[in-house]
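Open the model in your viewer and follow the stops below. Each one says what to select and what is there.

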Amino acid sequence: MHLVEVKNANYGYAYAFQLMDISFELRQGMLAGIIGPNGSGKSTLLKGISGELALPENQVFLKGKDLAGFTDTERAKEIAVVTQFSEPIDISVEEYVLMGRIPYRKKYQFFETERDYEIAQKYMKLTGIYPLRAKKFSKLSGGEQQLASIAKALTQEPSLLLLDEPTSHLDISHQVQILDLVHRLTKEAGLTVIMVIHDLNLASEYCDYLMLMRSGALYRQGTPNAILNPRNIEDVYKTEVHTQENPRSKKPAVFLVSNKTGQVRRPTKFYLT
Ligand SMILES: Nc1ncnc2c1ncn2[C@@H]1O[C@H](COP(=O)(O)OP(=O)(O)OP(=O)(O)O)[C@@H](O)[C@H]1O
């Protein structure tokens, strides 16, 4: 059984943008990336799975069950989300990360358990924010807030982690640290991850599976090697690129071709699909 199954999804915003018949299946432990141009529907796809958008019946299944029928608490025990926008809340980093344990509280339980603290501590250490635990969340830098949000999501111990641009505020060392951690959790702990990511090279390096979106539809899906070629990228992003195998990882690396004086740009071919 697949952990996630999406069948002809066509949800979206009332009288506005709708996804167009999106279908894919992900096994447990996969790290999947959603790529595609601005406005192509990547966040919308994620919002249906996270519960932020109302989901029609029989379109998204988690562990074989229709996600449209989950209560908020049931969903929160299975799915954690890290979005691009931080919450302006005035609590300490530790209190913020501990909020990840809320779905597990029993009725009339008002305080965290010893185990809640242990789990929160574990993920604060793994994401590198443990030294900042006493600081106010609102006083953190954008990158530190992103790390704290990831620590909170992992503290939720979900089976599915949804990440919307998880590295947008991170320097290269933290990008590698976080994606290495997420990758390790997929392989060692069986976490399944779907992340929206603009950086095609990070997507290539870390994702087992890529979904390339265009105008609300899935244009292609498959391994980075199958997806990240000039034909697909130029067709969807309408910009010229050069791809070459990364000598260390053997994954495709994508180079932009700029329009600067002295560069010979070949005419971008637009392929019919
Ligand atoms: N709340 C909303 N109501 C109506 N339309 C919306 C809403 N939010 C987004 N849209 C529209 O839906 C389309 C897809 O948006 P979405 O945020 O899913 O794209 P995206 O691929 O994640 O883009 P980006 O890379 O720029 O973040 C866009 O045309 C956007 O204007």
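Start with the cartoon view of the protein chain. This is a predicted model, and its secondary structure comes to 9 helices and 12 strands.

Now show the C-alpha trace alone. Along its principal axes, the trace of the protein chain spans about 65 × 40 × 35 Å. The radius of gyration is 20 Å; a compact globule with 273 residues would have one near 19 Å, so the two agree.

Next, colour the chain by burial. Buried residues account for 36% of the 273 residues.

Go inside. In soluble globular proteins, nonpolar side chains tend to be buried together. Here the largest nonpolar core has 66 residues. Select Val97, Ala148, Ala151, Leu161, Leu162 and Val193: these touch the most other members. Then select residues 142-155, which form helix α5. This helix gives the core its largest share, 6 residues.

Stay with Val193. Which residues is Val193 in contact with, leaving aside its neighbours within four places in sequence? Select Leu31, Ala32, Leu161, Leu163, Val182 and Thr186 to see them.

Last stop: the ligand. Select Tyr13, Ala16 and Phe17, then Gly36, and then Asn38, Gly39, Ser40, Gly41, Lys42, Ser43 and Thr44; these are the residues around the ligand. Colour this shell by class. It has 7 polar residues, 3 nonpolar and 1 charged.

Technical notes. Residues numbered from 1 in each chain as written. Predicted model: local features only at pLDDT ≥ 70, side-chain atom pairs only at ≥ 80, totals over all residues. Near = placed C-beta within 6 Å. Nonpolar A, V, L, I, M, F, W, Y, C, P; charged D, E, K, R; others polar. Helix = DSSP H or I, 4+ residues; strand = E, 2+ residues; numbered from the N terminus. Rg over C-alpha atoms; globule rule 2.2 N^0.38 Å. Buried ≥ 20, exposed ≤ 12 C-beta atoms within 10 Å, placed from the backbone. Core = buried A, V, L, I, M, F, W, Y, C linked by C-beta atoms within 7 Å. Contact = placed C-beta atoms within 7 Å.
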